[in-house]
Every structure is written in structure tokens, then in C-alpha cells.
Amino acid sequence: PAVEEAAEFVRSKADNFVILGIGGSALGPIAVHRALNHLYHNDLPSEKRKSPRLFVEDNVDPERMAALLDVIDTDRTVFNVITKSGSTSETMAQLLIITRMLIDRYGEEGLRDHLIATTDKQKGNLIGIAKKYNLRTFIIPDGVGGRFSELCPVGLVAAAVGGADVRALLAGAGYMDELCSNADVKRNPGLMLALLEIIAAEKHGANIGVLMPYADSLKFMADWYAQLWAESLGKRTDNGGSVVHTGQTPVKALGVTDQHSQVQLYTEGPFDKVITFIGVDKYRSEVTIPHSFDDIADVAFLSGHSFNELIKSEQMATEYAVTRSGHMNKTITLPVVNPFTIGELLYFFEIQTAYAGELLNINAFDQPGVEEGKNATYALLGKHGYDEKRRELDSAKPKKAGYIF
């Protein structure tokens with residue numbers, strides 16, 4: 001109810017909903033918004049839009065922040081800052097800019113009407129800020145990392161603001177949880193596909209996993225999945241401390257678009273990939289191809305068919321071409337894209353990733369390689385307590401001048 005109540009507040013007050021976050025705090029909300037809303041949602045006239053425009057600020061390119069402030073009216077904007085640690089440099093830098101701007105315009109007492117915080121219940125800086133200004137606050141459960149957080153308030157608030165039935169989203173995840181709890185590997189899709197990916201990588205050298213949905217609504221599901229799979233399974237050591245350098249590299253693609261940019265490689269290139277196609281049985285629109293050039297045989301054959309037939313035929317043809325060439329692939333099919341099936345798909349990929357971590361004997365829930373980069377950033381910007389790391393960076397070998405042009 002708290003998520004739905006906050007969403008109703010935002011929808012009644014705002015024309016724009018802006019997420020300040022990075023990684024899973026950004027990729028999950030983007031993926032679900034794209035899946036469940038109009039594909040040109042932000043471009044719809046206000047009278048046709050049923051929910052605020054969504055902007056997700058997941059980078060610190062200065063041009064991007066300046067551009068955002070050019071296109072939103074802060075009087076009609078609510079920001080949602082998302083960081084569990086409360087110390088993510090990118091997100092907190094954005095928050096500093098937005099908070100200063102909001103306080104200057106509306107005073108400290110007006111901050112609550114324009115800013116929602118999603119963070120840890122007691123640790124980190126953001127919870128203290130939220131309490132100080134009495135912000136609407138959502139808690140990220142203990143043990144839930146960013147890339148696994150879409151089905152908690154990190155993703156649910158944005159989904160609800162966008163008009164999604166978040167109860168159906170969670171029901172779909174719950175149904176998939178039941179399927180993936182089966183002890184019989186042949187009846188457990190998450191475990192089975194995790195096992196197949198690992199066999200493909202370790203026994204057959206297929207150390208690249210391509211995710212290729214045949215639906216524009218699922219385009220950014222591949223972006224979200226890429227972080228989930230890469231950050232969870234790309235590990236230097238296993239649980240016993242042995243150096244293993246494990247991890248399958250995820251690649252995102254979109255059918256039909258990437259048939260014209262990547263599939264040549266997938267059909268005739270090296271056998272180092274598993275291609276996962278995602279299909280949709282029933283699209284939410286039907287577009288018929290009319291008769292216009294019946295005198296041109298190479299074009300006329302399309303008339304009378306539909307885009308629906310065309311995209312499904314192209315998916316089937318690509319699956320056939322990849323299989324015929326001997327490259328490994330599999331297909332996941334959604335009956336339709338709706339909150340329930342998206343909840344299923346999100347949870348399926350999360351549990352598949354968790355199972356893969358166990359099968360590889362690595363920790364799928366930490367990210368030490370990311371932390372190293374964060375610490376180096378803190379040192380370069382002079383954060384207190386990182387003097388030793390700064391000295392380490394200053395003593396690093398310089399780039400070789402002979403290779404700089």
C-alpha cells in the first residue's frame with residue numbers, strides 16, 4: 001500500500017518523475033517502464049499520457065544533467081534518489097545538485113513534496129538526510145543488492161508511478177519462484193538453464209551469452225540482464241579462495257534490428273556464444289501491411305500479411321539459421337508482455353543467476369571489482385580516509401608516451 005500511495009501522490013502532483021540512481025537502481029526501472037508503457041511514452045501529448053514522463057539519470061555526464069534541467073519544470077517534478085549505501089558518488093553528486101536547487105526554490109520544508117528517498121533502513125548517509133527533511137522513504141531490504149532489487153521498492157515505486165499493476169508484477173515473480181523451487185532439475189527452469197549455460201561455457205567454450213528479445217518492449221530487459229549476469233558471475237576467486245577468473249560475458253541484441261548488425265557473426269563466427277532468443281506469442285498491437293505496389297513482385301508478397309507475422313517469421317528464420325550453422329541457442333517465449341509475465345521474467349533471470357553462482361562455487365551477490373573502482377574514484381576526488389589509495393594511484397606507472405598519438 002505504501003508504494004501505491006506514494007505513486008498516487010506523484011501522479012497527482014507531477015508531470016515528470018526523475019530517478020537519480022545508477023546500476024540496478026536505474027536499469028531495472030528503465031526495463032520495466034519500457035516493457036509496460038507506451039514505447040514513446042515521454043513523447044505523447046500530456047492529454048494522452050496516463051502517467052508522468054520518466055527520466056532516469058544514470059550517468060554524470062555534465063551535458064546530460066544540464067539537458068534534463070532544460071526539459072523539466074521542477075514545480076511539476078518529483079525526484080526519487082536511490083542508493084542503498086548512501087555513498088554512491090554518482091548518485092550523491094546528482095542529489096547535491098537537485099537538493100540545492102529544490103531548497104533554493106521551495107525551502108527546506110518544501111523538499112518533501114519533490115524528493116523521495118529509497119535506501120537502507122539505518123546505514124549510510126541517505127537515511128539520515130531522509131529523516132532530517134522528513135522525506136517519503138522506502139527501505140531496500142537487507143541483503144538485496146542493486147541488480148537484484150527491481151522487485152522491491154527500488155523498482156516498484158517507478159513501476160507504480162507509471163501505472164503498472166505492481167501486485168500482478170509480484171504475483172508473476174511468486175509463480176516463477178514456485179517453479180524454480182522444484183528439486184527436479186528438469187522441472188526447474190531457473191536451475192536447468194543455469195546448468196546449461198555453465199556446461200556451454202565450461203565444456204564447449206561458449207563464454208559469451210547473447211540475449212536477443214524480439215520485442216521492442218523488452219529491449220532494455222537485455223541491458224538489465226547484462227548487469228545482473230556480468231556483475232554477479234564475473235569473479236576472480238571462488239568461495240574457497242582459489243583464483244578462477246570465471247564469468248560469461250553478456251551481450252545485448254534486439255530482434256529484428258540486430259539481424260542486420262550482429263547475426264552474421266552468430267551464424268558464421270566462432271562457436272563461443274549461446275544465443276537466447278525471447279519471443280512473444282501475442283503482441284499488444286496488430287499492424288497489417290497494405291497493398292500499395294502489387295506490380296513489384298519482390299515487394300507485393302508482403303501485402304496482406306502483418307508486422308506480427310513478419311517479426312515472428314524473422315525470429316523463426318534466425319533461430320533456424322543459427323541452429324543450422326551449429327551455434328548453440330535457446331528460446332524463451334512470453335504469451336504476452338504484461339505485469340505478470342514481466343514479474344516472471346525478472347525473477348527467472350535473478351534465480352537463474354543465483355543458481356549459476358552456486359554451481360560455479362562463487363559469490364553471486366558481491367562485486368569486489370566494482371568496489372576497487374569506487375575506492376579509486378574516492379581517492380582521486382580527495383575523500384577523507386582514502387589517502388593511501390591516492391598514494392597508490394600517484395605511484396602507478398605512467399602510460400607509455402610512445403603509444404599516445
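Which residue forms a salt bridge with Lys330? Glu197 does, with the closest N and O atoms 2.2 Å apart. This is a predicted model. The count of salt bridges comes to 17.

**Lys330 and Glu197**
- This pair links distant parts of the chain, 133 residues apart.
- Lys330 lies in strand S11, residues 328-334.
- Glu197 lies in helix H8, residues 189-204.
- Lys330 counts as buried, at 16% relative accessibility.
- Glu197 also counts as buried, at 4%.

**Glu231 and Arg147**
- The side chains of Glu231 and Arg147 meet in a salt bridge, at 2.9 Å from N to O.
- Glu231 sits in helix H9 (residues 219-233), and Arg147 sits in the loop between strand S5 (136-139) and helix H6 (153-161), so the pair ties together parts that are 84 residues apart in sequence.
- Glu231 is partly exposed, with a relative accessible area of 21%.
- Arg147 is buried, with a relative accessible area of 2%.

- Glu57 forms a salt bridge with Arg64. The closest N and O atoms are 3.5 Å apart.
- Glu57 is buried, because its relative accessible area is 6% and the cut-off for buried is under 20%.
- Arg64 is partly exposed, with a relative accessible area of 31%.
- Salt bridges that share partners join Glu57, Asp58 and Arg64 into one network.

Definitions and conventions. Residues numbered from 1 in each chain as written. Predicted model: local features only at pLDDT ≥ 70, side-chain atom pairs only at ≥ 80, totals over all residues. Heavy atoms only, no water. Salt bridge = Lys/Arg side-chain N within 4 Å of Asp/Glu carboxyl O. Buried < 20%, exposed > 50% of the residue type's maximum accessible area, 1.4 Å probe, protein only. Helix = DSSP H or I, 4+ residues; strand = E, 2+ residues; numbered from the N terminus.
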